[in-house]
Amino acid sequence: MKSPLAVVPRDDFAGDTVPGELVDIAWEPPLRGPRRPLTTWRDYMAQASRIVGRFHGQFALQRFDYEHPVRLQSGTPLRMKKPYTVSVAYTEWGPADAPVLVCCGGVANVAMRFSYLASDLSDRFRVICMDWLGRGRSGWLAAEGDYSLATYAEQLRQMILHLGRRPVTVLGSSMGGSAAIELLARHPKMIDRLILNDVGPHIPARRRKRRADTIARHYVFREPSDLLRKIGASQKNDGPVGDDIRFNLTFHQTRWCDEEGGRIYRHDVRAMQAYRRDAQRSLLQWAQWQHVNCPMLLIHGLQSDALFEPTIRRMMRGKPVSLMRIPDTGHAPLLADRNHIWFIRQWLTGEQCPDGEWSVLHAPARDPYPGNPIPFAPASALR
């Protein structure tokens, strides 16, 4: 029997309520395939060479210099304020003259989160997957206060200018979608189509605080089992994905640190702590949403605790929004499933795409080691 609707407790700061089924935060879909016990870092790197190796040679790691403006240095003393540059890393997939799709992840994501999506779409699109400042292989900002949603919107703006100053399609997961909404409100001609991956103009503080408490700490993983357990738990609502897909994420979200004697997250913990401060209240972007009028595909994980039905209905009023729902999946689906990617491709190309709303079944698990012989990534590519 279907449980009755509950009401998410009122946000003290935002003053809004969101009716919706309260998701059990302990809920987790079953993992596909056998678990791979890894007891040593040598075993871990050998596994990485095979799993990461499926993408070796398919993309180029690129960089551009982001200039951080004075107006976004709110916590810096006046005498020390001046523009400064930070290197932004991104991966580039597909033909240089193809339509551009820019992929932006969530608050703790890295560019390689989108590897499966980018690989599958690279025959028709130039897919750009960007590391946020302070994440992945991008540089770090000078002060904790410089990390903000306004900064990420500015980074996305400069990324688009770097790519050729032409309108692009943006796929934003979680915070990436929030940054795209912020940018569209100020520069509506920079983005001609938008894919929002389980994010809208309202994200309840209840969800944001829980996420912030998890990520705003420094971790050292001294054994592979600790790493796979911790990141696996944090991604438990990503849907029924294979163990190889989860492994790909754990590898790219972390790096080896000799000083710590283990693997650590590939991000500036100050960026996570800045998010924790901001997450004490709901994110409300309804004023900015009024200026977003480009064609949109909204992807909704049906077990999401960040995007609720009333938010979706309000988003769709008078807006060109198509809605794709994904079952057995929580906030910000990974989009590594071939069925999910097929519908994204159809929406991007306008070929045989459903109108209005639809749900997508999960595809059979991918072959974890495609190709014969199995492609391996060399040690130089595993840093």
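## Helix packing and the open sheet

In helix α5, R208, R211, A212, D213 and I215 meet M272, Y275, R276 and D278 of helix α8, contact being taken as heavy atoms within 4.5 Å. The residues of this contact divide into four nonpolar, no polar and five charged, where Ala, Val, Leu, Ile, Met, Phe, Trp, Tyr, Cys and Pro count as nonpolar, Asp, Glu, Lys and Arg as charged, and the others, Gly among them, as polar.

The model is predicted, so that local features need pLDDT of at least 70 and side-chain atom pairs count only at pLDDT 80 or more, while totals for chains, interfaces and linings use all residues. Residues are numbered from 1 along each chain as its sequence is written, and side-chain values use heavy atoms, with hydrogens and water left out.

Nine strands form an open sheet of mixed pairing, in the order β3-β4-β6-β5-β7-β8-β14-β15-β16; strands (E, at least two residues) and helices (H or I, at least four) are DSSP runs numbered from the N terminus, and two strands pair if DSSP finds at least two bridges between them. Because β3 (59–68) and β16 (357–359) each have a single partner strand, one side of each is left without a neighbour in the sheet. Strand β3 runs antiparallel to β4 (residues 84–93), joined by 10 bridges, and R63 stands opposite A89 in β4.

The table gives helix angles, which run from 0 to 180 degrees between N-to-C directions, with axes fitted to C-alpha atoms, for helices over the stretch in contact.

| Helix | Partner | Angle |
|---|---|---|
| α4 (residues 175–186) | β8 (191–197) | about 150 degrees |
| α5 (residues 205–215) | α8 (residues 269–278) | about 155 degrees |
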